Amino acid sequence: MGVAQSFAPVVPRGVIALPFEVMVPAWHGQGFCRVYRLLKTDEFSSVFAFRRSLRGRFYTLYYRPNELAGARLGVTVAKKLVKRANGRNLVKRIAREVFRRQRENLPPCDLVIRLHAPVGAACRAELNTDVRQLLGRLPGKRERTTANSLTEA
């Protein structure tokens, strides 16, 4: 008397999870996925070592050209400037969001945005404006092509 047992086939986890580049094509979409981020200490160090920067009211933008198809971003916020973790996370989130929206217009370079002044009573709009202006001053910035500019040419 055998009891029929039915088991779902077991598939190794590596087979289920596709490589990241297959799931999200590099340099496409509006998200802020891993291909748009600086993750390793060496990547941050190479940007700082290139010694090119732009300074705004709250942020300093360090940049270095890269050989990739688009821009990548890293954000650093010192505990000395923003004591609480939720404040540091907010400052980083604002910088990432502005970068995400303007990424298509940026030249291919590695960027590190570093907070250099206390944000104390600053509102989110001021932080947004500061990052937007820094990215706008970036050398080699691409201009967005629109349907109007194509018909005028």
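## Strand pairing around S4

In this predicted model, Tyr-62 has Val-112 of strand S4 as its bridge partner. Tyr-62 itself lies in strand S2, and S2 and S4 run antiparallel, joined by seven bridges. On the other pairing, S3 and S4 run parallel and are joined by five bridges, with Thr-76 standing opposite Arg-114 in S4. S3, helix H4 (residues 85–102) and S4 together make a β-α-β unit, and this unit is left-handed, a point that a reader may wish to trace in the structure above.

Strand S4 is largely enclosed by the rest of the structure, because six of its seven residues are buried. Cys-109 is found in this strand and counts as buried because its relative accessibility is 4%, where the cut-off for buried is under 20%. Beyond its neighbours within four places in sequence, Cys-109 is in contact with Arg-64, Pro-65, Asn-66, Gly-70, Ala-71, Arg-72 and Leu-138. For one of these residues, Asn-66, the C-alpha atom is separated from that of Cys-109 by 4.7 Å, although the two residues are 43 residues apart along the chain.

## The two sides of helix H3

Helix H3 spans residues 41–50, and its buried residues are Glu-43, Phe-44 and Val-47. These three cover an arc of only 100° around the axis, and therefore lie on the same side of H3. An α-helix has 3.6 residues a turn, so residues three or four places apart point the same way. The face turned away from the buried side of H3 carries the exposed residues Thr-41, Asp-42 and Ala-49.

After the end of H3 comes Arg-51, a residue whose phi is positive, near 60°.

## Aromatic rings and charged ends

A search of the whole structure finds one aromatic pair. The pair is formed by Phe-48 and Tyr-62, and it is edge-to-face because the ring planes stand at 80°, with the ring centres 4.9 Å apart; the cut-off for edge-to-face is over 60 degrees. The pair links distant parts of the chain, since Phe-48 belongs to helix H3 and Tyr-62 to strand S2, 14 residues apart. Phe-48 counts as partly exposed because its relative accessibility is 23%, whereas Tyr-62 is buried, with a relative accessible area of 17%.

## The protein as a whole

The protein has six helices and four strands, and from the N terminus on its elements run α-α-α-β-β-β-α-β-α-α. Buried residues make up 33% of the 153 residues. Among contacts with a separation of 6 or more, 78% are between residues 24 or more positions apart.

Terms used: Residues are numbered from 1 along each chain as its sequence is written. This is a predicted model: local features need pLDDT of at least 70, side-chain atom pairs count only at pLDDT 80 or more; totals for chains, interfaces and linings use all residues. Side-chain values use heavy atoms; hydrogens and water are left out. Buried means under 20% relative accessible area, exposed over 50%, partly exposed in between (1.4 Å probe, protein chains only). The arc is that of the directions from the helix axis to the C-beta atoms. Rings of Phe, Tyr and Trp (its six-membered ring) pair if their centres lie within 6.5 Å; planes under 30 degrees apart count as stacked, over 60 as edge-to-face and the rest as tilted. Contact means heavy atoms within 4.5 Å. Two strands pair if DSSP finds at least two bridges between them. A crossover is right-handed if, with the strands pointing away from the viewer, the path from the first strand over the helix to the second runs clockwise.
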